[in-house]
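These are my notebook entries on one structure.

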Amino acid sequence: MADRLRLADEVRLACQLRPQGELRVRRLVLDETDLMMTSQLCDSAATRSGESKRVAIFFSDIVGFTSLSERLSPYDVMYLLNRYFAQVGEIIEQNDGFIDNFIGDGLMAIFGVDDQPDAPLRAVNAALQTLATVDRLKPFFASMYGIDFDIRIGLNYGEAVIGTLGFVGHERLTAIGDVVNLASRVEAANKDAGTRLLISEALHDQIADKVEVADYVRVRLRGTGERTSLFEVIGLKPEIDAELNARHPRETVRHAGRRWVRAFAEDELQPHERRILTFEDFDIVVVRGPDTYCAFNNACPHLHLPLYERRNPAEVETLNLPHTGSTITSDLGLVCRWHQSCFDLLTGEVRNWAKLQPDGTSPGFEFVGDISKNRTSLTVYPCRTQDGYVWIGLE
Ligand code: FES
């Protein structure tokens with residue numbers, strides 16, 4: 001029964017007690033309201049009566065959101081928020097975090113709800129991945145809405161009360177305590193510091209040897225009397241990154257004034273096949289043509305939408321998307337799946353620009369307005385083969 005009710009280790013059913021002396025008993029569930037509030041006859045794994053835990057708290061918000069939202073239609077505001085939150089939510093969960101709440105354009109998440117020992121590091125990892133995701137979203141929002149989209153993140157670590165709040169059917173797990181309030185102030189301190197990610201001293205103490213810190217600031221946070229240090233984190237140490245994110249660092253060399261990365265062995269890709277190489281804030285698609293390799297940025301210059309999904313084709317099929325993939329013509333032209341702009345895969349030049357209605361809108365997406373702007377070339381990268389490997393020239 002204790003297992004079925006998911007009782008914490010320190011909680012006992014009455015029948016599990018072996019009293020060795022006099023006991024005093026106090027009834028905790030007094031009336032119907034108490035009964036509803038404390039019912040454990042639901043299957044939510046997240047129902048908890050209140051435990052003190054050491055957790056990392058993540059706070060983020062969008063820079064200048066009020067003025068951004070005044071410039072966009074209500075639909076676009078919700079679209080922008082949902083697109084951003086969908087990706088950040090996935091990152092939080094992949095790092096074993098728990099999304100506590102969406103507060104307008106802000107998000108609060110908790111790391112360590114289930115006592116994960118690496119919660120402080122996971123919180124920082126999630127913050128760094130969130131910033132990289134925002135960097136991927138920026139060109140899309142800039143071309144779609146003409147806005148400069150960015151966020152700020154603050155992290156703190158300490159003891160909080162974790163428990164379920166709310167009324168029946170609307171409960172949610174949350175964290176309460178100074179550690180939460182302080183995390184929100186750390187996030188707000190980014191504004192004056194001109195930073196995107198700050199962590200508190202308490203969190204820094206947990207992971208100091210695992211992260212790269214660019215700078216620190218001494219501040220007196222609102223509501224606290226003492227001055228404290230906040231640290232600007234810009235990355236994980238390479239060996240920690242490789243371990244945590246199972247990322248194998250790519251071999252790179254300098255050659256003819258460029259940085260070349262080794263992509264894969266030549267025989268891994270058959271003619272007409274393609275592969276997506278994922279970098280921190282962009283992806284490169286490599287296609288094997290009849291007698292050459294082509295590499296290009298996986299973002300159409302029209303609206304910076306992905307030309308190909310990063311998931312594998314079988315997964316993409318289950319998503320039932322209206323446009324599953326861009327197409328490549330026999331003369332190495334790439335036709336974008338969204339509005340059929342066509343680019344030369346060897347030079348990146350525009351062969352045909354987007355098929356849009358005379359007013360510049362896309363059929364079925366008129367609410368987005370004129371999207372005929374941004375006529376620029378596709379970013380292509382030189383490829384070469386050496387010692388049986390394909391190499392891509394970056395910059
Ligand atoms: S996003 Fe590619 S043509 Fe519009």
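Entry 1, salt bridges. I counted a salt bridge where a side-chain nitrogen of Lys or Arg lies within 4 Å of a carboxyl oxygen of Asp or Glu. The model is predicted, so I kept to its thresholds: local features need pLDDT of at least 70, side-chain atom pairs count only at pLDDT 80 or more, and totals for chains, interfaces and linings use all residues. Residues are numbered from 1 along each chain as its sequence is written, and side-chain values use heavy atoms, with hydrogens and water left out.

My search of the whole structure returned 16 salt bridges. I looked up the one between D115 and K53, whose closest N and O atoms are 3.0 Å apart. D115 sits in the loop between β3 (106-111) and α4, while K53 belongs to strand β1 (residues 51-62), so this pair ties together parts that are 62 residues apart in sequence. For the element names I used DSSP runs numbered from the N terminus, with helices (H or I) of at least four residues and strands (E) of at least two.

I took the bounds from an automatic or database domain assignment; the protein chain divides into domain 1 (46-244) and domain 2 (252-393). I noted 32 Å between their C-alpha centres. The contact (heavy atoms within 4.5 Å) involves 9 residues of domain 1 and 16 residues of domain 2.

I then looked up the buried area, which is the accessible area (1.4 Å probe) that two parts lose on being put together, summed over both. Between domain 1 and domain 2 it is about 1100 Å², and carbon and sulfur atoms give 54% of this. On the side of domain 1, R136, S143 and M144 lose the most area to domain 2, together 51% of what that side buries.

Which residues form the salt bridge of 2.8 Å, N to O? I found the side chains of R136 and D283.

I counted two strands as paired if DSSP finds at least two bridges between them. I found 4 strands in an open antiparallel sheet, ordered β11-β12-β13-β18. Its edge strands, each pairing on one side only, are β11 (274-278) and β18 (380-381). Between β11 and β12 (residues 283-288) I noted 5 bridges, and V286 in β12 is the bridge partner of R275.
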